[in-house]
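Reader: I am new to this structure. Please take me through it, and tell me what stands behind each term.

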Amino acid sequence: MWTSLFATSRRNCGIAAAAFAAALLCASTALADGGPTAIDTGDTAWMLTSTALVLLMTLPGLALFYGGLVRAKNVLNVFMQCFVAAGAIGLIWIAVGYSLAFSGPGDFVGNLDKAFMNGITPDSIGANTMTPPRGIPEYVFVMFQAMFAIITPALILGAVAERMKFSAFLAFISLWLIFVYCPLAYMVWGGGWIFKAGGIDFAGGMVVHMSSGTSALIAALMVGKRKGFGREPMPPHSVPLCLIGAGLLWVGWFGFNAGSALSASGLAALAFLNTSTATSAAVMTWVGIEWILRGKPTALGAATAAVAGLVAITPACGNVSPMGSIAVGFGVSVICYCAVTYLKPVGGYDDSLDAFGVHGVGGAWGALASGLFCATYGTPAEASHAQQVLIQLKGIGFTAVFAPAMSFAILLVLRFAFGSLRVSEEEEFEGLDLSAHSESAYSIGGGATLGGHGGHGAEGAAELAPAHH
C-alpha cells in the first residue's frame, strides 16, 4: 500500500514542479494553441471553496488564535489588526499587488501591466496544473492569491502585539506587501529566479511563513519589549479562544495547501492528505515532548504544535509522500519547541506570540524538508536530493536576508514618520482596546464600553490572564 501511495505521489508531484509554476505564469488571458479554451466547472468550484477557506484562516481563525493569546485588554486590537489586514491588503492587491507578483519577465519583481485588473475580464482564462491543463477563471486565481496576501502580513502582528501603534501597523503591512511579499511571490511563483532555479515552495514556506516570521523578529526588536516583559506574568487571557482559532486554521489550511494545486485532482488530494498528516504528527510529537520534559501535556502546546505542523508542510505538501509528511511534522515540533522554549529566552527578544519561533523557524524547516523528503524535484530533470537541498538552501538564505532587511528599512522610515512605532506607556497600561479603539472586549455591565471608560472590564480580566509559553 505504501509503495503504491509513494508511486502515486511521485507521479502527481511531477505536476507540482513545472506545471504548477507554469500555471501561475500563464493565469492571465485565454491561452494560445493547445491551452484551455473553456472553464472547467469542477476545478473552478474547488478553487472558489479554497479561496473562502483561506480567508477563514485570517477571519476568524488567526484573529481567535492570536486574540486568545494576548491579555484581555488587547484582544479587540488584535481582531482589528486582522480585519484591517483584510481591508487594506485586499485593496492594495487589486490595485498593484497582483500585477507585481504575477506579471512581467524579470527575475526579482513583476511589472504593472495588470495593475487595477487591467486586461483581466470575466472571460480571462488561466491554466491549472492538469496535463493537459484545464481552464479556470483568472478572477478566481486573483482572489485565491489575495487571501494569501492578506494572511501573510497579518502573521507579523504576533510579534508586536500589545504595544505597536495601530496606525504604524497599518502603514507597515501596506508597505511590506509591496516591497517584501510581492517580490518574493514573483521570485518563487511568478517566474523569478527561485522558480527558475527549481526551488520547491508549493504553497508558501518561503513566500508566506519565512518572510513573515523573519520580518516579525525585526519588528519585535525595533518596536521593543512590552512593559514588564520578563518581570510580570503576561499569560494568554483565553486558551479556549486560542484552541478554537487553531482548529479553524487547521480547517482553512486545506484550502491553503490543497487549493494550491489549482484543480480538483490527485495532486490536490495528495496536498490535502499531507497537510493533515503532518499536522497530526506535529501535535503528537509536541504533546510527547511536554509529557516527557514537563510531566503534563498542555492545550496551548497542542495548539502551537498544530500551527507549526501546518506551517512546515505548506511548502512540501505537493512534493513529499505521506510518510515524508510525517517526518516533516515530527521535525518541526522538535525544532519549534526548542525555538520558543529555549532560543527566545536566550535571545531575550519579545516575540509576543511566537511569530518568529513558529512561522520563521517552522517555515525554514519546511522549505528545507521539501528537498530532504521530496518524492520528485523542482527542476524538470530530476536532480538528486543533495542538489535539491542546495537549491532549497539558496532560496532559504535569500529569504532570510531579504525579508528582514527590507522590513528594517520600512520600519526605519515609519519610525521617522510617526515619531515612534509604539504606543505611550499610559496607553499600553490602559490597554490598546480602549486607547486605540475606545472599546472593551469584556465588561461587567455587558457590551462594549465607549469613550475610554469601563476599563474595569478589560483590565480586570487582564489581571487574571495566562501567558504564552
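Reader: Where is proline 132 placed?

Author: Proline 132 sits in the loop between E1 and strand E2 (135-137). Helices (H or I, at least four residues) and strands (E, at least two) are DSSP runs, numbered from the N terminus. The peptide bond from threonine 131 to proline 132 is cis, with omega near -5 degrees. This is a predicted model: local features need pLDDT of at least 70, side-chain atom pairs count only at pLDDT 80 or more, and totals for chains, interfaces and linings use all residues. Residues are numbered from 1 along each chain as its sequence is written, and side-chain values use heavy atoms, with hydrogens and water left out.

Reader: Which residues does the cis peptide bond with omega of about 10 degrees join?

Author: That bond joins leucine 59 and proline 60. Proline 60 lies in helix H2 (residues 41-69).

Reader: Why is the pair of lysine 196 and aspartate 107 called a salt bridge?

Author: The term asks for a side-chain nitrogen of Lys or Arg within 4 Å of a carboxyl oxygen of Asp or Glu. Here the N to O distance is 2.7 Å, so the pair qualifies. Lysine 196 is in helix H6 (residues 193-196), and aspartate 107 is in the loop between helix H3 (75-102) and strand E1 (125-127). They are 89 residues apart, so the pair links distant parts of the chain. The whole structure has 12 salt bridges.

Reader: What makes Trp291, Ile292, Leu293 and Tyr342 a patch?

Author: Patch residues have over 30% relative accessible area and no salt bridge; like charges are joined within 9 Å, nonpolar side chains (Val, Leu, Ile, Met, Phe, Trp, Tyr) within 5 Å. Areas come from the Shrake-Rupley method with a 1.4 Å probe, and for residues only the protein chains shown count as cover. These four form a nonpolar patch on the surface, with about 510 Å² of accessible area together. Helix H9 (residues 266-294) gives the most, with three residues.

Reader: How are helix H4 and helix H7 packed?

Author: H4 (residues 138-160) and H7 (residues 205-223) pack at about 35 degrees, with axes 8 Å apart. Axes are lines fitted to C-alpha atoms, for helices over the stretch in contact, and angles run from 0 to 180 degrees between N-to-C directions.

Reader: What is the handedness of the crossing of H7 and H12?

Author: The crossing of H7 and H12 is left-handed. The word applies if the near helix is turned anticlockwise from the far one by less than a right angle; clockwise is right-handed.
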